[in-house]
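Here is a briefing on one protein chain. Please look over the sequence and the model before reading on.

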Amino acid sequence: MRTILICLNQLGIGGVETAVLNYTIKLIENNYKVVILAKDGIYRKKFEEYGAIFEEFEFKVENIYDNKKIEKVIEIIEKYKIEQVHIHQFDCINSVFPACVIKNTPYIAYAHTGIKGVYDWFENSFPGYKEMFEIYFNCAQKIIPITNQAKEENQKKYKIPDEKYIIIKNSINFEDKYIKESKEPTKINNFLIISRLDKEKEISIKNAIVLFKKYHEKNKEAKLTIVGDGEIKENIEKEAKDIEDVTTFLGKRNDVMNIISKNDVVIGIDRCILEAIAMKKIAIISGYEEMKNIVMPEIIDKLAENNFSGENIEIKTIPEIIEIIEKLTKEKIDKIAEENYKYIYKNLNISNNIHFIDVIFKQNLVINPQNLIQSIMKIQNSYSKEIIEKEKIYEEYKKLQKKVESLELELKNKETQSEKTNKILNEAKEELNSVYNSKTWKLANKIKQIIKGKKN
């Protein structure tokens, strides 16, 4: 039996975790042994139920390479005789990519995100990724983006040939028992929001809550359920305070399909919309910045192209969406649900959308892969040490500035200033000015801004 190592940040709540779970199930069905390398989370039991082996590992996005973590990944590759590695998130690259190169183990690089500028953000926030991304993507056996847009951005930035890419959209496992038993709603009463409660999704979640509030004003039987947890939970609870008598917060859950089956409408973005359609529910895309639209058969193809994010489609306002919902008869609901379901069954079925390495091709690298990785590690570790040194210098200069300011304040409180004191003050000012005009100060200040941006 061939063994695949799958790497992702954590087994918590999220579209990537759900997509990887479905992917894992199909790989196991294809007689692969699957080892999951990730931080422990609520989905771990689900993976293990289907026969995956779990190895706990905490990934961290940083400039510096951690030799101990790389050695740990190498141990796992050797322990399970890993034949190929599937790297699903950028957080994993620092530890897994060097291990793959050192062990000469082929890997697939996934690009789950379709957010524009994601590579620039990583490179600006963590400059070590600038060199690493280019080599990482070029050394991959295959690159698997989830949308054409994600592929185009990656290809344009890193100049990679077409044959390296396979676009595999987010897909559904139609063997799930809840999907098999799913039925269309008879009326529109029960609304469901599924999302991580983090800053990135805050506008989207609040859009969904506002829509529900407006609908509840017209239909007092309507109820809202919110699934998810995260840093902005209190903000979301405040947003729903005036409808708390008809709102239920379920927190983190690993039985999302079961929850969807008990509702009529799902509001959200990305994968939860795909799952709602598979369950034959009415799906509304709430957008990252503004409310988008109801998923209708006539636009589902366009929506699927952008992973149901709502990009590049006609936008409907909340009152317009509510008006559409109010006019939905049982016949219309059935038609929308059935036609949407048929589309994703044909085009987004996980049975037709998995990829594993059958034929391994040789990399045409200019230098030995191990020497390549060691060189990158030296550069990056050196860079990180330089960051630390520059930050120390920056803090010393700030102390000097405070010293001058304190001296000025002290002198202002005196009626007379002695010639000696004035001389000391002038010398301190000259020293400070020379610091501010120096290349070292300018570089340190620039580094400080990068560090501040990283922390924020």
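The points below go from the whole chain to single residues.

This is a predicted model. The protein has 18 helices and 12 strands. Of its 456 residues, 52% count as buried.

**Confidence and overall contacts**

- The mean pLDDT of the protein is 84. A pLDDT of 70 or more is reached by 79% of the residues.
- In residues 362-367 the pLDDT falls below 50. That stretch still has 7 contacts in the model beyond near neighbours in sequence.
- Residues 450-456 also have pLDDT below 50. Here too the model shows 7 contacts beyond near neighbours in sequence.

**The six-stranded sheet**

- An open sheet holds 6 strands in the order E3-E2-E1-E4-E5-E6. The pairing is parallel.
- Strand E3 (53-56) and strand E6 (142-145) stand at the edges. Each has a single partner strand, so one side of each lacks a neighbour in the sheet.
- From one strand to the next, the twist averages 20 degrees.
- Strand E1 (residues 2-10) and strand E2 (residues 32-39) run parallel and are joined by 7 bridges. Leu 5 stands opposite Val 35 in E2.
- E2 also pairs with E3 in the parallel sense, over 4 bridges. Val 35 has Ile 53 as its bridge partner in E3.
- Between E2 and E3 the chain passes through helix H2 (residues 44-49). This β-α-β crossover is right-handed.

**Helix H14 and its buried side**

- Helix H14 covers residues 318-326. Ile 318, Ile 321, Ile 322 and Ile 325 are buried there.
- These residues cover an arc of only 100 degrees around the axis, which places them on the same side of H14.
- An α-helix has 3.6 residues a turn, so residues three or four places apart point the same way.
- Several elements cover the buried residues of H14. They include strand E7 (190-194), helix H9 (202-218), strand E11 (282-285) and strand E12 (293-294).

**Ser 95, a buried residue in a helix**

- Ser 95 lies in helix H4 (residues 93-102).
- Is Ser 95 buried or exposed? Its relative accessible area is 5%, so Ser 95 is buried.
- Leaving out residues up to four places away in sequence, Ser 95 touches Phe 57, Phe 59, Lys 69, Ile 70 and Val 73.

**Phe 356, a buried residue in a loop**

- Phe 356 sits in the loop between helix H15 (330-347) and helix H16 (369-412).
- Why does Phe 356 count as buried? Its relative accessibility is 19%, and the cut-off for buried is under 20%.
- Which residues are in contact with Phe 356, leaving aside neighbours within four places in sequence? They are Ile 4, Leu 27, Asn 30, Tyr 32, Gln 84, His 86 and Ile 108.
- Phe 356 and His 86 are 270 residues apart along the chain. Their C-alpha atoms are separated by 8.6 Å.

Notes: Residues are numbered from 1 along each chain as its sequence is written. This is a predicted model: local features need pLDDT of at least 70, side-chain atom pairs count only at pLDDT 80 or more; totals for chains, interfaces and linings use all residues. Side-chain values use heavy atoms; hydrogens and water are left out. Helices (H or I, at least four residues) and strands (E, at least two) are DSSP runs, numbered from the N terminus. Buried means under 20% relative accessible area, exposed over 50%, partly exposed in between (1.4 Å probe, protein chains only). Contact means heavy atoms within 4.5 Å. Two strands pair if DSSP finds at least two bridges between them. Axes are lines fitted to C-alpha atoms, for helices over the stretch in contact, and angles run from 0 to 180 degrees between N-to-C directions. A crossover is right-handed if, with the strands pointing away from the viewer, the path from the first strand over the helix to the second runs clockwise. The arc is that of the directions from the helix axis to the C-beta atoms. pLDDT is the predictor's confidence in each residue, from 0 to 100.
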